[in-house]
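Please keep the sequence and the structure in view while reading.

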Amino acid sequence: MTLMHPREVEFTLPIGYTNGDSITRRQGAIRKMTGRDEAILADKANQRNGGKLVTELIHSCITQFEGEEKLSRQDVGQWYSADRNYVLLRIRSFTFGPELQAQYTCPACGEQMQVTENLDELPVRSLGASETLEDVRVELEDGYWDQDQNCHRSVTLTLPRGIDESAVAPMIRKNPSLGKNALLARCIRSFGDMPMHRVEALGAKLLADLTLTDRRLIDKALNRAAPGVDLLRDMECTSCGKEIRANLDMTHFLALD
Ligand SMILES: [Zn+2]
């Protein structure tokens, strides 16, 4: 890949995008955000839908992608969320620098800690060159009881994509927990012996009926399997010394001030 412009930088997707020709492509280049992208951030429709915002922003900032003359919004929507988050991080770091002001609150003593995060130093797990993404299989402890009193315990899931994020964004705005159920429901590939049309009809209700024990098993399995940027931060409270685990505070991630 030849960089056309000094304001471009290359990236390699942690998972990659497989188009109709079944070739997985991972290499591309981005440019810095411009005033045009500021308009994308300020657009009310984008602000209401985080998935749509990320699609628009990545689509706007990508200058090259291997094998594609022009990457479409539909292509970017088909990318795995892990790849989208990775490129978003690269765009932010390239435009505004890798430093991010974050704030964390200790759940034990309420101490507020200001931390300067370095986005370029977050751990990234990428698939190997010949590795392809496998579906995630989870064995539930309690399972789902259907109307005929059969219990279904084996779940197979794929990782979420941009189109899934966009589809559940309105629900996440209303209720994050229900939104997450809807997102996971879209990722189910099989659930015990239930026919898929039945699984799809049940949708988020299926997830809502699972015990929290099983929900945790699914979360753990997905986190373990997921390539991409590790956004979990481990730190020690500066006041009481408690070990804290929190998601990266992205409040000021794309703030333009
Ligand atoms: Zn504390």
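This is a predicted model: local features need pLDDT of at least 70, side-chain atom pairs count only at pLDDT 80 or more; totals for chains, interfaces and linings use all residues.

V136 stands opposite L157, a residue of strand β8.

- Strand β7, which covers residues 136-145, and strand β8, which covers residues 151-157, run antiparallel and are joined by six bridges.
- Five residues lie between the two strands in the hairpin of β7 and β8, and in that hairpin Q149 takes a positive phi near 65°.
- On the other pairing, β8 and β9 are linked in the antiparallel sense over three bridges, and I188 in β9 is the bridge partner of L157.
- Taken together, three strands form an open sheet with the order β7-β8-β9 and antiparallel pairing.
- Because β7 and β9 (188-191) each have a single partner strand, they stand at the edges of the sheet, and one side of each is left without a neighbour there.
- Neighbouring strands of this sheet are turned by 25° against each other on average, with direction ignored.
- Helix α10, made of residues 212-225, lies across β7 and β8, and its direction is at about 175° to β7.

**Helix α3 with helix α5**

- Two packed helices are described by the angle between their axes and by the distance between the axes.
- Helix α3 (residues 50-61) packs with helix α5 (residues 81-96) at an angle of about 60°, and their axes are 10 Å apart.
- The crossing of α3 and α5 is left-handed.
- On the α3 side the contact is made by V54, L57, I58 and C61, while α5 contributes R84, V87, L88 and I91.
- Sorted by class, the contact of α3 with α5 has seven nonpolar residues, one charged residue and no polar residues.

**Helix α3 with helix α6**

- Helix α3 also packs with helix α6 (residues 162-174), here at an angle of about 140° and with the axes 6 Å apart.
- That angle makes α3 oblique to α6, given that only angles over 145 degrees count as roughly antiparallel.
- The residues in contact are G50, G51, K52, V54 and T55 from α3, together with G162, E165, S166 and A169 from α6.
- By class, the contact of α3 with α6 has five polar, two nonpolar and two charged residues.
- V54 of α3 takes part in the contact with α5 and is likewise listed in the contact with α6.

**The two domains**

- The protein is divided into domain 1, which comprises 8-126 + 241-247, and domain 2, which comprises 136-226.
- The centres of domain 1 and domain 2, taken over C-alpha atoms, are separated by 25 Å.
- The contact between the domains takes 14 residues from domain 1 and nine residues from domain 2.
- On the side of domain 1 that touches domain 2, at least two residues are supplied by each of α3, α4 (73-78) and α5.
- Which helix gives the largest share of that side of domain 1? The largest share comes from α3, which supplies five residues.
- By class, the side of domain 1 that touches domain 2 has seven polar, five nonpolar and two charged residues.

How values were computed. Residues are numbered from 1 along each chain as its sequence is written. Two strands pair if DSSP finds at least two bridges between them. Helices (H or I, at least four residues) and strands (E, at least two) are DSSP runs, numbered from the N terminus. Axes are lines fitted to C-alpha atoms, for helices over the stretch in contact, and angles run from 0 to 180 degrees between N-to-C directions. A crossing is left-handed if the near helix is turned anticlockwise from the far one by less than a right angle, and right-handed if clockwise. Two residues are in contact if their C-beta atoms, placed from the backbone, lie within 7 Å. Ala, Val, Leu, Ile, Met, Phe, Trp, Tyr, Cys and Pro count as nonpolar, Asp, Glu, Lys and Arg as charged, and the others, Gly among them, as polar. Domain bounds come from an automatic or database domain assignment. Angles under 35 degrees count as roughly parallel, over 145 as roughly antiparallel, 65 to 115 as roughly perpendicular and the rest as oblique.
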